[in-house]
Amino acid sequence: MSHDSQRQGVSRRRFLQGLGAASTLPLLGGLSPFAIANGPAGRVVVIGGGFGGATAAKYLKRANPAIEVTLVEPAEVFYTCPFSNLFLGGLRDMRSIAHGYDELRDRYGVRVVHALAEDVDPHGHRVRLSNGETLAYDRLVLSPGIDFRWNAPEGYDEAAAELAPHAWKAGAQSELLRRQLEEMDDGGTFVMVAPENPFRCPPGPYERASMVAHYFSQHKPNSKVLILDAKDNFSKQGLFTAGWERLYGDRIEWVGLSGDGRVTRVDAENLEVETEFGTRHRADVLNVIPPQKAGFIAERAGVTDESGWVPVKAETFESERVRDIYVVGDATVAAPMPKSGFCANNQAKVVAAAIAADLSGRAAPEPYWTNTCYSLIGPEYGISVAGVYRVQEGVIAEVEGAGGLSPADAPDHIRALEAEYAVGWYNAICQDTWGTSV
């Protein structure tokens, strides 16, 4: 591949990045954010203050400031999963991935309630909160994120997670895993258990392995990384494995499903795991990323199916099971879109436009979505995947030829540019979602 074609590939991803995180007009189907500001108002409750929920609340108020929008989120500070792996690798501190809700409250007039949504009455259109308050709604947006399927693998429950952290919800678990890495003796082994599909952030485990390997290369040069995986293929696999060899030699070992990588039992007290065919591995630091499902409030609202995830209508992301409830982000069944923060942000804009139009008696604008996902293999070694999605024959489909992967044979300066673009992407999407950091 020529340098010109490599630059074009990176430039295309930069364009898609800006399209999704900074520009809202295409995602609203050509509808100006303030085009329906004079329409009838309504009451919208948004549950969850991550990339999906915070964006939905903001863009509902941008679409029609007269809509009463209440955002329910237990945490006063939200720590993002994107870039939390960089914290583990020693490239960032926790404050750099912390975000608050002042802009939503002060600039856009969103009522922010820091409480847990405990139950939903879809027939009475009410939400019960942990603080005793009950909120009435005309439309409800759920952005509940994920919960874990505890005891899958056997022995991995909430207590075990305090010994062998998952760190798949950023915050205290991230800090615990970082401390364990710092306290580990040089020459030890970091064992990661990666789940089967689907799960939050498909490239995330492999970026994490990269960042841990980077940390070891700087501070514990005799230490190793072992990934035990419940599948034989993973996102950006060829790019990751080439980067691992390039930067870390044989420091990272990946064992897929066909190589007996599926873990069936965890002994967190002894930092030991057992695979499907009885092989036991002992870790010095054990990181178990368990199978996942939609956050519990989605089940309480009656919108999940037998898979544990939420099926949605492709055009609007309204629940297929319950009217007037819309769901965005990791909790949804929206393949081929991945479960990513970028997709949650995009989906939330489509939902905001659809609800604002519905409350004003208009048809929802035609949606489309973009996704760009950057991963760092080293501080100056970035890779990415991008995609564009539209509704075709009633289902979400990827637009052929509109996305793509980083070039496999890119030189070092292209990898360094992608690492730089990753930082720009993160700053842009966080600014778009929450505004300034805390």
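Visitor: Which residues does UniProt give for the feature "domain: FAD/NAD(P)-binding"?
Guide: The unreviewed UniProt entry places that feature at residues 43-153. UniProt positions follow the numbering used here, feature names are shortened, and annotations may be inferred rather than shown by experiment. This is a predicted model, where local features need pLDDT of at least 70, side-chain atom pairs count only at pLDDT 80 or more, and totals for chains, interfaces and linings use all residues. Residues are numbered from 1 along each chain as its sequence is written, and side-chain values use heavy atoms, with hydrogens and water left out.

Visitor: Thanks! How much of residues 43-153 is helix and how much is strand?
Guide: The span is 21% helix and 32% strand, and its end C-alpha atoms lie 42 Å apart. Helices (H or I, at least four residues) and strands (E, at least two) are DSSP runs, numbered from the N terminus.

Visitor: What is the strand order in the open sheet of five strands?
Guide: The order is β5-β2-β1-β9-β20, with parallel pairing. Two strands pair if DSSP finds at least two bridges between them.

Visitor: And which strands stand at the edges?
Guide: Those are β5 (111-113) and β20 (325-327); each has a single partner strand, so one side of each has no neighbour in the sheet. On average, neighbouring strands here are turned by 20° against each other, direction ignored. Axes are lines fitted to C-alpha atoms, for helices over the stretch in contact, and angles run from 0 to 180 degrees between N-to-C directions.

Visitor: How many bridges join β2 to β5?
Guide: Three, with β2 covering residues 68-72 and the two strands running parallel. Thr70 stands opposite Arg111 in β5.

Visitor: Nice. Which strands does helix α9 touch?
Guide: Helix α9 (residues 341-359) touches β1, β9 and β20, and its direction makes about 175° with that of β9. Contact means heavy atoms within 4.5 Å. Helix α2 (residues 51-63) lies across β1, β2 and β9, at about 170° to β2.

Visitor: Is Cys430 buried or exposed?
Guide: Cys430 is buried, at 3% relative accessible area. Buried means under 20%, exposed over 50%, and partly exposed in between (1.4 Å probe, protein chains only).
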